[in-house]
Structures are given as C-alpha cells and as structure tokens.
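I opened this model to trace its strands and contacts. My notes follow, entry by entry.

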Amino acid sequence: MREGSRLDDLKPALAEGPAQSVIATERFTLRPLRASDAGLIEHYTADRRVAEGTRAIPHPLPRGAADSFVARALAADRSEDVWAIDGSDHKLTELLGVVSLTRMEGSQSELGFWIGAGFWNTGFATEAVAALVAANPHDARTLFAEAFQDNPGSARVLTNCGFVYLGDAESWSVARGGRVPTWTYLRKMA
C-alpha cells in the first residue's frame, strides 16, 4: 500500500462493501481490484494511447490518480464494479487491464474496459468482456457500451461479445480535452 494514499483508510469501508464476484477464464481471472494494482494501473494509463481510448483517464495522469481510482472501486457506496484482468495464475502479469460495470437505472449497466498497450491484439479484451457478460454479476437485463470511432478494435470486442450497434453519439474524453465521436452498443441479456 502506498503511504499517505486514500487507500490507507479503506479497511472500514471494505468491510461494509458489497461482495464482488471472481470470474475465471481460460487465460486469466477477473477479480476485484486491490491496493497493489495502483502501480500497474498508473504504468499502463501513462501511455497516451490507453488514456485517449477512454472517457475518464487524464493524460498525463496526475499524482495519486491511480490510488484514488482503486479507492473508489473498493468503496462501500460505489456504483461501478471494477475487475482486474489478472493473468498471474497463468504465467502472465498480475494486471493486464480492467473491465467494469456501472449500475444504471432499470436493471441496466454500462460496460467499460481497457487493456495495457503491450497486450493489444491478444484477444484478452474479448475474453474479459465475454466472461463478464456471461457472468452478468449485476443481473442486468441490458448492457450498454461505447467505443470511440477511431478505435475499431474496441468496437470489434463489443460485436464479438454479442453487442449490437445502436447509433452514433459523442462523449467527452478527458485525455483528449474534447468531445469524440462514438459508436453506441447494446446487449440484451436473457
């Protein structure tokens, strides 16, 4: 744990927080974040390409931002569940990226993900998203997701996992400092 971080005061909140499932796949495990993930999150998201592929990751990453992200992901009152894509049981690194679900109204959730640039084009994102969709830990009846239009790889991940195209939109990207055209996707669950 990093000395002086928000993670130092998390133990009481963790005792009260809702349990988050652990999901095994062929090449890794999706598990809740832990304090030790902050360093690799900081490392991967320092890559401008990773940050610019997301709505919320700034570039450059401010000091303490990764610790704050982990603290929010572990908070008892969180609305977003974040899973580490952990390959350590399969002779891969402890953190390959993250995948998340954010609760929305009416039994709906929004899916998000990013993978460290060194692991792009490996199928890890598709495997992680497919596993999370299959587990459906929020018992959602509908999942939403979006991909920036200049990131067709993320769009392929979504369509490979059964998401269907809904339409074009725009989202703010902190790293880009502006609105970015997106493709919006929907996945109806059982």
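**Entry 1**

I started with E80. Leaving aside neighbours within four places in sequence, E80 is in contact with S100, L101, T102 and R103; contact means heavy atoms within 4.5 Å. E80 and S100 are 20 residues apart along the chain, and their C-alpha atoms are separated by 6.7 Å. I placed E80 in strand β3, residues 80-86. Strands (E, at least two residues) and helices (H or I, at least four) are DSSP runs, numbered from the N terminus. E80 counts as partly exposed, at 29% relative accessibility. The scale I used: buried is under 20% relative accessible area, exposed is over 50%, and partly exposed is in between (1.4 Å probe, protein chains only).

A note on provenance. This is a predicted model, in which local features need pLDDT of at least 70 and side-chain atom pairs count only at pLDDT 80 or more, while totals for chains, interfaces and linings use all residues. Residues are numbered from 1 along each chain as its sequence is written, and side-chain values use heavy atoms, with hydrogens and water left out.

**Entry 2**

Next I followed the pairing; two strands pair if DSSP finds at least two bridges between them. β3 and β4 (residues 97-104) run antiparallel, joined by 5 bridges. A84 has V98 as its bridge partner in β4. I then stepped to β5, which pairs with β4 in the antiparallel sense over 8 bridges. S100 stands opposite G112 in β5. The hairpin of β4 and β5 has 3 residues between the strands, and G106 takes a positive phi near 65° there.

**Entry 3: the whole sheet**

Which order do the strands take in the open sheet? I read β1-β2-β3-β4-β5-β6-β8-β7, 8 strands with mixed pairing. β1 (23-24) and β7 (164-173) stand at the edges with a single partner strand each, so one side of each is left without a neighbour in the sheet. β7 pairs with β8 in the antiparallel sense over 9 bridges. V164 has L186 as its bridge partner in β8.

**Entry 4: β6**

Is β6 mostly buried or exposed? I found 6 of the 7 residues of β6 (residues 142-148) buried, so the strand is largely enclosed by the rest of the structure. β5 (residues 108-115) pairs with β6 in the parallel sense over 3 bridges. E110 has F144 as its bridge partner in β6. The chain crosses from β5 through helix α5 (residues 124-135) to β6, and this β-α-β crossover is right-handed. By that I mean that, with the strands pointing away from the viewer, the path from the first strand over the helix to the second runs clockwise. β6 also pairs with β8 (residues 178-188), in the antiparallel sense over 7 bridges. A145 has Y185 as its bridge partner in β8.

**Entry 5: T182**

I stayed on β8, where T182 is found. T182 is buried, with a relative accessible area of 0%. Not counting residues up to four places away in sequence, T182 touches E146, A147, F148, Q149, G167, D168, A169, E170 and S171.

**Entry 6: helix α4**

I checked burial in α4 (residues 65-74). Of its 10 residues, 7 are buried, so the helix is largely enclosed by the rest of the structure. The buried ones are A66, D67, S68, V70, A71, A73 and L74.

**Entry 7: backbone exceptions**

Most residues other than glycine have a negative phi, and most peptide bonds are trans. I looked for departures. The peptide bond from H59 to P60 is cis, with omega near 0°. P60 is found in the loop between α3 (48-51) and α4. K91 is not a glycine, yet has a positive phi of about 60°. I located K91 in the loop between β3 and β4. K91 is exposed, with a relative accessible area of 83%. D139 is not a glycine either, and has a positive phi of about 50°. D139 lies in the loop between α5 and β6. D139 is exposed, at 64% relative accessible area.
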